[in-house]
Amino acid sequence: MRRVLLIEDEPGLVLTLTDRLENEGFEVVSAQDGRTGLARAAGEAWDVILLDVMLPGTSGFDLCRDLRQKGVRTPIIMLTARGQVIDKVLGFKLGADDYLTKPFDMLELLARIEVQLRRAAPGPSGDHEYRFGDIVVDTRKAEVWRAGVPLDLSAREFLLLKHFLQHRGDTLTREQLLNEVWGYDAVPSTRTVDVHVAWLRQKIEPNPRHPQYILTVHGLGYKFAG
Ligand code: CA
């Protein structure tokens with residue numbers, strides 16, 4: 001299910017938008033102040049963030065800039081009040097993807113959301129971003145974020161994670177992983193795979209002792225579930 005984070009302090013608008021977006025099949029979570037909004041936006045994976053410009057105690061622009069600085073790349077649609085003079089150029093520079101002026105038509109909001117989802121969706125040539133839990137992996141840039149914070153993976157850990165992501169759900173034997181990820185100059189030891197899997201789990205699993213993404217398939221190898 002596609003997830004929308006709504007950062008907005010007007011209770012009426014929160015109700016209306018939540019109701020309507022849920023009817024359209026979205027999961028909607030709302031945050032009514034900047035601090036909660038920032039924490040949730042950076043801490044979980046979302047498909048779209050709807051961000052009010054005028055929030056108690058903060059500005060949506062500052063929040064947007066903070067999110068981008070944390071490496072959060074979720075599409076952001078800013079919601080601005082009628083008559084509010086805003087500098088859209090500045091907003092785009094801070095990382096916003098689109099704007100809507102209140103009051104807006106629901107159909108227009110839905111259309112704008114669809115545009116952002118299409119842009120963010122991996123296309124035939126842009127199949128380079130993966131998400132699971134609070135992890136985002138950009139295989140083209142070779143970057144991995146956890147809850148918006150960049151993770152420091154070794155080159156081999158990154159290649160191993162990438163291989164798992166490209167074969168989600170498949171059981172991969174240690175020999176296969178050695179061949180595919182280490183190649184011909186591999187140390188001929190499947191123990192190498194286990195060690196790297198353990199390191200990777202330390203970095204990406206919420207609880208490395210009880211992995212939920214890189215699963216052990218007893219007697220066979222590993223499987224990525226996420
Ligand atoms: Ca507001």
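## D52 and the calcium site

D52 is buried, with a relative accessible area of 2%; buried denotes under 20% relative accessible area, exposed over 50%, and partly exposed the range in between, computed with a 1.4 Å probe on protein chains only. The model is predicted: local features require pLDDT of at least 70, side-chain atom pairs count only at pLDDT 80 or more, and totals for chains, interfaces and linings use all residues. Residues are numbered from 1 along each chain as its sequence is written, and side-chain values use heavy atoms, with hydrogens and water left out.

The calcium ion has D9 (OD), D52 (OD) and M54 (O) as its protein donors, at 2.1 to 2.3 Å. Donors are N, O and S atoms within 2.8 Å of the metal (3.2 Å for Na, K and Ca), and water is not among the atoms, so sites may look incomplete. Along the chain, the calcium donors follow the spacing D-x42-D-x1-M. D9 belongs to the loop between strand 1 (3–7) and helix 1 (11–23), whereas D52 belongs to strand 3 (residues 48–52), so the pair ties together parts that are 43 residues apart in sequence. Helices (H or I, at least four residues) and strands (E, at least two) are DSSP runs, numbered from the N terminus. D9 is partly exposed, with a relative accessible area of 28%.

## Salt bridges around K102

The structure contains 18 salt bridges, each defined as a side-chain nitrogen of Lys or Arg within 4 Å of a carboxyl oxygen of Asp or Glu. One of them joins the side chains of K102 and D52, at 3.1 Å from N to O. K102 lies in the loop between strand 7 and helix 5 and D52 in strand 3, so this pair ties together parts that are 50 residues apart in sequence. Both K102 and D52 are buried, the relative accessibility of K102 being 10%.

K102 also forms a salt bridge with E10, at 3.2 Å from N to O. This pair links distant parts of the chain, 92 residues apart: E10 is in the loop between strand 1 and helix 1, and K102 in the loop between strand 7 (98–101) and helix 5 (106–120). E10 is partly exposed, with a relative accessible area of 39%.

## Further salt bridges

R112 and D98 form a salt bridge whose closest N and O atoms are 3.1 Å apart. The pair connects helix 5, which holds R112, with strand 7, which holds D98, across 14 residues. R112 is partly exposed at 22% relative accessibility, while D98 is buried at a relative accessible area of 15%. A network of salt bridges links R3, E27, R40 and E44.

## Packing of helix 6

Helix 6 (residues 155–166) packs against helix 7 (residues 174–182) at an angle of about 120 degrees, with the axes 10 Å apart. Axes are lines fitted to C-alpha atoms, for helices over the stretch in contact, and angles run from 0 to 180 degrees between N-to-C directions. Helix 6 and helix 7 are therefore oblique to each other; angles under 35 degrees count as roughly parallel, over 145 as roughly antiparallel, 65 to 115 as roughly perpendicular and the rest as oblique. In this pair, R156, L159, L160, H163 and F164 of helix 6 meet L177, E180, V181 and W182 of helix 7.

The axes of helix 6 and helix 8 (residues 190–204) come within 10 Å and cross at roughly 85 degrees. Helix 6 and helix 8 are therefore roughly perpendicular to each other.

Technical notes: Contact means heavy atoms within 4.5 Å.
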